Amino acid sequence: MTGRDRHTFTGLYPDAHVARLADLFAHDTVWQDAMARIRPGAMSAVYFSHRPGETWHFVKEEQGVRLRPGPAAGPDFAFCFTPGAIDELAAVDGGIDGVAVVLFDLMLSEDPARRVGFRVLAPFWRLVRHGHLRLLLEAGPRVLAYGAGHGIRTLGQLRAFVATLRATAPEEVAPHSGGC
């Protein structure tokens, strides 16, 4: 059994999908390898489409990334995961590049059952300090080719794209009316 199949945290979280996402970060070696590049203290706001009204957050700790209930203090990103997106992320077979490409595809998906809502909340240079740019560059040529295929070939273009993502209304990630 892999970390993607385990559901170690089912008893600690309100449902199997929330537990599955937490388990990916805590136990899957690919996800752990990716998150090793992120500086401790970095946080992201997390919402779940099937759990409206709940706020969660990822926090990078020395021993890994943990999913915790409640709002994040100074998050870098906001994510809203659907059960379908969690299932697709858990099914990725491959390295960091495979996970990154699937995550980007889910962020761009028009299908509400599989879309990952996403917003950049931090300024570009905080993302650099927290290791997110390093992670993107070290994810490999497949990720860089994916970016190039979407018009992002230079650091300047990436910075402009981040500025565009920061302009996304918070309601587009997790509307207060319930869900993503």
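Buried means under 20% relative accessible area, exposed means over 50%, and partly exposed lies in between (1.4 Å probe, protein chains only). By that scale, glutamate 54 is partly exposed, with a relative accessible area of 26%.

This is a predicted model: local features need pLDDT of at least 70, side-chain atom pairs count only at pLDDT 80 or more, and totals for chains, interfaces and linings use all residues. Residues are numbered from 1 along each chain as its sequence is written, and side-chain values use heavy atoms, with hydrogens and water left out.

**Overall build**

The chain has nine helices and five strands. Both are DSSP runs numbered from the N terminus: helices are H or I with at least four residues, strands are E with at least two. Along the sequence the pattern reads α-α-α-β-β-β-β-α-α-β-α-α-α-α. Of the 180 residues, 48% count as buried. A contact means heavy atoms within 4.5 Å. Among contacts between residues at least 6 apart in sequence, 65% join residues at least 24 apart.

**Core**

A nonpolar core is a set of buried Ala, Val, Leu, Ile, Met, Phe, Trp, Tyr and Cys residues joined through side-chain atoms within 4.5 Å. The largest one holds 49 residues; Leu21, Phe48, Phe58, Leu67, Phe81 and Val116 touch the most other members. Helix H5 (residues 96–108) gives the largest share of this core, seven residues.

Serine 44 sits in strand S1 (residues 43–48). Serine 44 is buried, at 8% relative accessible area. Leaving aside residues up to four places away in sequence, serine 44 touches Trp56, His57, Phe58, Ala72, Pro75, Phe77 and Phe79.

**Salt bridges**

A salt bridge is a side-chain nitrogen of Lys or Arg within 4 Å of a carboxyl oxygen of Asp or Glu. The whole structure has nine. Among them are these:

| Pair | N to O distance |
|---|---|
| Arginine 20 – aspartate 87 | 2.9 Å |
| Glutamate 138 – arginine 37 | 2.7 Å |
| Arginine 51 – glutamate 54 | 2.9 Å |

Arginine 20 in helix H2 (residues 16–27) and aspartate 87 in helix H4 (residues 83–90) are 67 residues apart, and their pair links distant parts of the chain. Arginine 20 is buried at 17% relative accessibility, whereas aspartate 87 is partly exposed at 32%.

Glutamate 138 lies in helix H7 (residues 132–138) and arginine 37 in the loop between helix H3 (29–35) and S1, so this pair ties together parts 101 residues apart in sequence. Arginine 37 is buried at 16%; glutamate 138 is partly exposed at 41%. Shared partners join Asp33, Arg37, Arg134 and Glu138 into one salt-bridge network.
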